[in-house]
Amino acid sequence: MRYGITLPYEDDPRALVDLAVEAEAAGWDGVFVWDGITWNDAWVTLAAIAACTERVRLGTMLTPISRRRPWKLAQESATLDRLSNGRLVLPVGLGAPDTGFANFGEETDRKIRAQLLDEGLDILNGLWSGQPFSYQGQHNQIDNVTFAPTPRQSPRIPIWVVGAWPRMKSMRRVLRCDGILPAMMDEQGKSRDTTPDDIRAIKQYVEANRSETTPFDIVMEGETPGDDRERAATVVRPLAEAGVTWWLENVWATPREQGGLEGMRKRILQGPS
Amino acid sequence: MKYGLELSNAGACGDARTLAELAALAEESGWDGVFLEDYIVHWSGQNARTYDPWVALTAMALRTERIRLGTTVTPLARRRPWKLARETVTLDHLSNGRMILGVGLGNGSDLDFAQLGEETEDRRRAKMLDEAIDVLIGLWSGEPFSYQGEHYQVRDVTLLPRPVQTPRIPIWVGGGWPRKGPMRRAARCDGTIFFKVPEQGDWADMTPADIHALKAFVEEQRSETLPFDIAIGGRERREDWDAERVFIRSLADAGATWSMEGLPPADLNVMRMWIQRGPLRGV
């Protein structure tokens with residue numbers, strides 16, 4: 001099981017860089033930053049974190065491809081993967097509506113955002129390959145472009161995608177990627193919490209149906225107390241046993257009542273569960 | 001007079017870590033700024049290694065303390081202005097207020113435009129550029145901002161934090177001198193990084209008369225008393241350094257404020273040597 005932290009918004013991006021450096025020293029395996037127009041630029045922030053760290057995995061949480069040019073995303077992710085010596089992961093999804101869509105005239109229709117996400121994944125894979133790439137999509141057209149350099153990681157930067165279980169269209173997208181952020185749906189289509197049994201079902205499905213040979217991660221987010229290892233273990237251990245491979249601690253959930261930046265820092269210094 | 005380096009965003013040095021090292025070297029060697037090209041697919045050929053200039057500039061910012069950093073130039077028509085607004089502000093904070101944003105039209109025939117389904121028609125790109133400048137300035141203000149353009153719409157957005165620099169991150173307008181569009185655009189921005197449209201061949205140096213004319217035009221159009229930069233150069237250093245110094249001196253006397261030396265992509269050791277020799281000072 002690997003443990004990451006998700007950092008929230010701070011006016012001063014340097015504060016996030018400092019927290020990331022402390023997280024690496026405290027034994028965390030990954031640092032993730034929010035990606036949305038409402039906040040400081042995640043990619044510039046991650047570039048700064050990459051330059052100041054050596055070991056932690058880096059990523060956004062998460063990048064909604066529908067409001068990006070996939071080729072710009074391909075370029076900044078490849079550059080960042082090289083700068084970080086191959087530590088990037090790319091979590092993607094449709095994106096929460098309040099992260100910068102409607103107010104900028106971006107696409108809000110869910111079906112179209114899903115199409116843009118799928119085309120974006122096609123284009124990322126094509127451009128990252130470093131081979132001559134052309135594409136005729138509904139929304140994007142590319143005419144014989146060869147990107148260089150490729151990302152540092154081979155065959156690609158691991159892509160984690162939000163997967164709505166048990167929706168098959170969503171899960172088919174998951175099979176093309178390198179990890180899932182499960183979003184459970186009940187029979188009425190409403191979201192509910194993920195249980196260890198859900199994780200087991202997802203793991204079984206992926207193992208039975210995935211043809212990619214890259215490692216596959218199951219990623220969950222939540223909060224655990226940093227000063228009570230036993231209580232933290234009751235949350236995390238059943239998930240790890242069921243197949244979760246990454247636990248992302250939402251340190252942003254802790255702080256506002258407990259001192260903001262200092263509260264986050266305290267949780268980070270306590271280390272992973 | 002300030003002295004800047006213009007680096008390709010491709011080539012053997014097409015990598016953020018290397019650029020950070022070169023930026024640190026430039027700062028030690030007396031340069032006042034380092035500026036990057038901004039291409040997704042480099043004009044020099046399909047296999048040229050390029051990097052995202054914003055990721056690279058971040059690495060460069062963390063390795064330096066004094067030099068200005070920026071792009072010459074970013075073609076706004078293939079960017080979402082709000083994403084660019086965020087990149088530039090975050091970078092301005094990480095660099096303690098050293099960002100400069102060069103903006104331009106791009107070329108419809110550029111691989112970046114033609115082959116990625118971007119806008120290739122000049123007039124539409126010009127309109128997108130002008131609207132994007134409006135949106136950048138509005139979002140950088142930190143005030144509630146709305147915009148109803150032909151190409152961009154923003155509905156009541158307040159982006160914080162503001163840039164470190166006040167009143168804003170300087171915008172330098174690229175383009176061909178003496179074309180009307182770039183001149184008009186420059187008058188509402190903070191500087192120029194023009195090339196001179198050659199009467200024949202593919203390069204012409206600006207002359208002192210050109211600088212006088214540009215300065216007069218800008219002063220007439222601009223109501224603000226804020227600083228305005230006129231950047232010249234952008235080509236490689238010629239062999240006769242004395243003649244170059246005299247040339248730079250003459251443009252400085254006419255009102256140019258930045259002299260830019262372009263370094264073509266080359267072997268890393270060669271680039272280090274070029275940077276270490278320091279700027280050719282006209283004054």
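Reader: Which residue is the bridge partner of G175(B) in β8(B)?
Author: In this predicted model, strand β7 of chain B covers residues 171–177 and strand β8 of chain B covers residues 191–196. These two strands pair in the parallel sense over 6 bridges. Within β8(B), the bridge partner of G175(B) is F194(B).

Reader: In what order do the 8 strands of chain B close into a barrel?
Author: The pairing of the barrel strands is parallel, and the twist from one strand to the next averages 25 degrees. Read around the barrel of chain B, the order is β1-β2-β3-β4-β7-β8-β9-β10.

Reader: At about what angle to β4(B) does helix α5 of chain B run?
Author: Helix α5 of chain B, made of residues 122–140, lies across two strands, β4 (99–104) and β7 of chain B. Relative to β4(B), the helix runs at about 160 degrees.

Reader: Which residue does P178(B) follow through a cis peptide bond?
Author: Most peptide bonds are trans. P178(B) lies in the loop between β7 and α6 (180–187) of chain B, and the cis bond there has an omega of about 5 degrees. The residue joined to P178(B) by this bond is W177(B).

Reader: How far apart are the C-alpha atoms of G11(B) and L268(B)?
Author: G11(B) is placed in the loop between β1 (2–7) and α1 of chain B, where, leaving aside residues up to four places away in sequence, G11(B) touches R49(B) and P265(B). L268(B) stands 257 residues from G11(B) along the chain. The C-alpha atoms of the two are separated by 9.5 Å.

Reader: About what area is buried between chain B and chain A?
Author: The size of an interface is often given as the accessible area lost when the parts come together. Here the contact takes 45 residues from chain B and 46 residues from chain A, and carbon and sulfur atoms give 55% of the buried area. That area is about 4000 Å².

Reader: Which residue of chain A forms a salt bridge with E118(B)?
Author: Side chains of opposite charge can pair when their charged atoms come close. Between chain B and chain A the count is 6 salt bridges, and the one that involves E118(B) has its closest N and O atoms 2.7 Å apart. Its partner in chain A is R69(A).

Reader: Which element gives the largest share of the side of chain B that touches chain A?
Author: Between the two chains there are 26 residue pairs in polar contact, counted where both residues are at pLDDT 80 or more. On the side of chain B that touches chain A, α1 (16–28), α2 (53–62), α3 (81–94) and β6 (153–157) each supply at least two residues. By class, this side has 22 nonpolar, 11 polar and 12 charged residues. The largest share, 8 residues, comes from α3(B).

Reader: Which residue of chain A meets R55(A) in a salt bridge?
Author: The distance from N to O in this salt bridge is 3.8 Å. The pair links distant parts of the chain, 26 residues apart, with R55(A) in the loop between α2 (42–52) and β3 (57–61) and its partner in the loop between α1 (13–25) and β2 (30–34) of chain A. The partner is D29(A).

Reader: Near what value is phi of N85(A)?
Author: Most residues other than glycine have a negative phi. N85(A), in the loop between α3 (70–83) and β5 (90–93) of chain A, has a positive phi although it is a residue other than glycine. Its phi is near 60 degrees.

Methods:
Residues are numbered from 1 along each chain as its sequence is written. Chains are lettered from A and ligands numbered from 1 in the order in which they are written. This is a predicted model: local features need pLDDT of at least 70, side-chain atom pairs count only at pLDDT 80 or more; totals for chains, interfaces and linings use all residues. Side-chain values use heavy atoms; hydrogens and water are left out. Contact means heavy atoms within 4.5 Å. Buried area is the accessible area (1.4 Å probe) that two parts lose on being put together, summed over both. A salt bridge is a side-chain nitrogen of Lys or Arg within 4 Å of a carboxyl oxygen of Asp or Glu. A polar contact is a pair of N or O atoms within 3.5 Å; within protein, one must be able to donate a hydrogen and the other to accept it, and residues adjacent in sequence count only if both atoms are side-chain atoms. Helices (H or I, at least four residues) and strands (E, at least two) are DSSP runs, numbered from the N terminus. Ala, Val, Leu, Ile, Met, Phe, Trp, Tyr, Cys and Pro count as nonpolar, Asp, Glu, Lys and Arg as charged, and the others, Gly among them, as polar. Two strands pair if DSSP finds at least two bridges between them. Axes are lines fitted to C-alpha atoms, for helices over the stretch in contact, and angles run from 0 to 180 degrees between N-to-C directions.
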